[in-house]
Amino acid sequence: MRPSRFNDPEDAPVNWRVLIKLWPYLTEFKTRVWLAIGCLVAAKVASVALPFILKDTVDNLNLNTTKEVIMAATLGLIIAYGVLRLANVLFGEIRDTLFGRVTERAMRRLGLTVFNHLHKLDLDFHLSRQTGGLSRDIERGTSGVSFLMRFLIFNIGPTLLEIGMVVGLLFYNYGASFAGVIFVSVVLYVFFSMKATDWRTKYVKQVNQADNNSTTRAIDSLLNFEQVKYSNSEKFEANRYDLGLAQWETARRKNRLSLFALNGGQAFIIAGAMTSMMALAAINVANGNMTIGDFVLVNAFTMQIFMPLNFLGFVYREIRGSLTNIENLFTLLEREPAIVDQPNATELLVTKGEITFENVSFSYHKDRQILDNVNFVVKAGSKVAVVGKSGAGKSTLVKLLFRFYDPTIGSIKIDGQNIAQFTQHSVRQQIGIVPQDTVLFNDTLYENIRYGRPDASKEEIEEAIKLAHLDIFIGRLPDKGDTQVGERGLKLSGGEKQRVAIARTILKRPPIMVFDEATSSLDSQSEQAILTALREIAKGHTSFMIAHRLSTIVDADMIIVMDQGQIVEQGSHTELLKLNGLYTTLWQAQQKNDDDA
């Protein structure tokens, strides 16, 4: 299992600078932000005023005056209490409603930005990534925006504002002793909560790591469902998954016990603060320095202060985790793709479709050369095939043509234009491919074919289906073209999937067509039918074929034979047989295999 590329939320220090990076995503509704902050302050003012209403109500009930005066004053105070309580709730709801749209839009924009960036990253990143772990990181990052805004803006911020107001009011009305007890208790509570939370983060980390591992294991196993069945490895996979769940269970138990220690310590500090404040208030009432209403006010303020702080450990850990998760997304966004468009890159326009490889050398790693000084020309409208043993570098030519990588040395040109000088999108727009391993989406047959050109009409899709010899197969299905193909096309055979890929390319009709073992999953009869169709649609197009079955490319205008990253022979089928070289050896070996079969 590869280690995560990102910081772990429980290990990384709090990086408040993430808020600066996040701010541009929150500025789309600036007016809403300021209105929400105004409602936040108004709600807290109403909240702080409530204990004073209680104080006056209690004191009025103890006045030595007529019953009518007491009832009138008390009724007025009770109505004022109800109005303030309603105002507190309404301002809070308005604040949440106003800021909710800001948060949702920020999550949408950030999520889309990350999604687009992932598609810009190079092939190496996607070959080495863990889909399950990466999806969790993205989910946690975007969800972290919502949590951060909800608790930092609507919990921590208002709580700090309320603490400041209460400490100031207690100091002004009752002296330093009451303000000091509250202030010291809050500082002690915050300090303990943060330290205890930092201590227990290793257990939270273990829970998240075990969760990631078991999820990645499950997704990996399900994605390779067929291989699990072929290998009869259901029990082996279940045992590995259960091992991950056992680690998760153990981590959860430790996490639960550490949470008990945190909550217990917080409860002790709250109890000490409440006891101290009530004792001070009781002594002052007994000495005649305070009224019963003052006693109620002090008690109400103390409870009001510590109620939101009750969740400080949880909120602090989650805010810390959210900041780190969001930072992980920004770290991902800061990752530069290996292949980038030049600043002045323009759109590639193809008029003929001639392909030229000039002195092309390439290596994925410095210690392993894949291509070594490759030179050839695919003339416009011609059919050129590349053959060779496994590992000769055939498929690498296709990846370079699509600009998944750029050559280490040399250049690739289309119609004399160096493709490195044009946008990757425009280069790939001019090339269609039928890959050896066809990738299908968990959608209908029609939609998978339409993927070749999303704006294609139903009639154009039907024509592509006929040319790809898919019409008979689709006609036999109960739901016809609306049949779901399953995840990665698991409901289709290899040959059926390749025909879908062929139909996609037919629908796209690019000037350059690439066929990477395009008929490798077809039987002989279907292969000949598809080859006939490909010859028809390839007329007027440049065809570049990576071939394993040499019988499928005997009519190629030129055949390039590669060995260990170099071109060792090239010419027509007849010319290459006359050379009695590597091509002849490959041809004779395949002919013998066909005869034996």
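Predicted model: local features only at pLDDT ≥ 70, side-chain atom pairs only at ≥ 80, totals over all residues.

User: How many helices and strands does the chain have?

Analyst: Helices (H or I, at least four residues) and strands (E, at least two) are DSSP runs, numbered from the N terminus. Here the chain has 19 helices and 10 strands. Burial is read from relative accessible area: buried is under 20%, exposed over 50%, and partly exposed in between, with a 1.4 Å probe and protein chains only. Of the 597 residues, 46% count as buried. A contact means heavy atoms within 4.5 Å. Among contacts between residues at least 6 apart in sequence, 79% join residues at least 24 apart.

User: Which residues are closest to the centre of the second largest pocket?

Analyst: First the idea: on a 1 Å grid over the protein atoms alone, a pocket is an open set of points with protein on both sides within 12 Å along at least five of seven lines, and lining residues have an atom within 4 Å of a point. Grid points are joined across faces, edges and corners, and the volume is the space filled by probe spheres set on the points. In this model the second largest pocket holds about 500 Å³. Of its 23 lining residues, Lys44, Ser47, Asn88, Glu162 and Gln304 are the closest to the centre. Helices H2 (30–61), H3 (67–120), H5 (131–174) and H9 (292–309) each give two or more residues to the lining.

User: What classes of residue make up that lining?

Analyst: Ala, Val, Leu, Ile, Met, Phe, Trp, Tyr, Cys and Pro count as nonpolar, Asp, Glu, Lys and Arg as charged, and the others, Gly among them, as polar. The lining has 12 nonpolar, six polar and five charged residues.

User: How is a pair of aromatic rings described?

Analyst: By the distance of the centres and the angle of the planes. Rings of Phe, Tyr and Trp (its six-membered ring) pair if their centres lie within 6.5 Å; planes under 30 degrees apart are stacked, over 60 edge-to-face, and the rest tilted. The structure holds 10 such pairs. Phe52 and Phe301 have ring centres 5.6 Å apart and planes at 80 degrees, so they are edge-to-face. This pair links distant parts of the chain, with Phe52 in H2 and Phe301 in H9, 249 residues apart. Phe52 is partly exposed at 25% relative accessibility, whereas Phe301 is buried at 1%.

User: Why does the pair of Trp199 and Tyr203 count as edge-to-face?

Analyst: Their planes are at 80 degrees and their centres 5.9 Å apart, so the pair is edge-to-face. Both residues lie in helix H6 (residues 176–223), four residues apart, about one turn of the helix. Trp199 is partly exposed at 40%, and Tyr203 is buried at 17%. Elsewhere, ring pairs link Phe357, Phe376 and Phe544 into a cluster.

User: Which residues touch the most other members of the largest nonpolar core?

Analyst: In soluble globular proteins, nonpolar side chains tend to be buried together. A nonpolar core is a set of buried Ala, Val, Leu, Ile, Met, Phe, Trp, Tyr and Cys residues joined through side-chain atoms within 4.5 Å. The largest one has 38 residues, of which Val387, Leu445, Ile449, Leu470, Ile553, Ile559 and Tyr583 touch the most other members. Elements supplying at least two residues include strand E3 (383–388), helix H16 (494–508) and helix H19 (582–596). H16 gives the most, with six residues. Leaving aside neighbours within four places in sequence, Ile553 is in contact with Ala385, Val387, Met545, Ala547, Ile559 and Tyr583. Apart from this core lies another of 33 residues, among them Ile370, Val386, Phe402 and Val514.

User: Is Val514 buried or exposed?

Analyst: Val514 is buried, with a relative accessible area of 0%, and its place is in strand E7. Beyond neighbours within four places in sequence, its contacts include Val398, Phe402, Ile433 and Phe544.

User: Where does Arg403 lie?

Analyst: In the loop between helix H11 (394–401) and strand E4 (409–414). Arg403 has a positive phi of about 60 degrees although it is not a glycine, and it is buried at 1% relative accessibility. Arg509 also has a positive phi, of about 45 degrees. Arg509 lies in the loop between H16 and E7 and is partly exposed at 38%.

Technical notes
Residues numbered from 1 in each chain as written. Heavy atoms only, no water. 1 Å grid on protein atoms, 1.4 Å probe; cavity = no way out; pocket = protein on both sides within 12 Å on 5 of 7 lines; lining within 4 Å.
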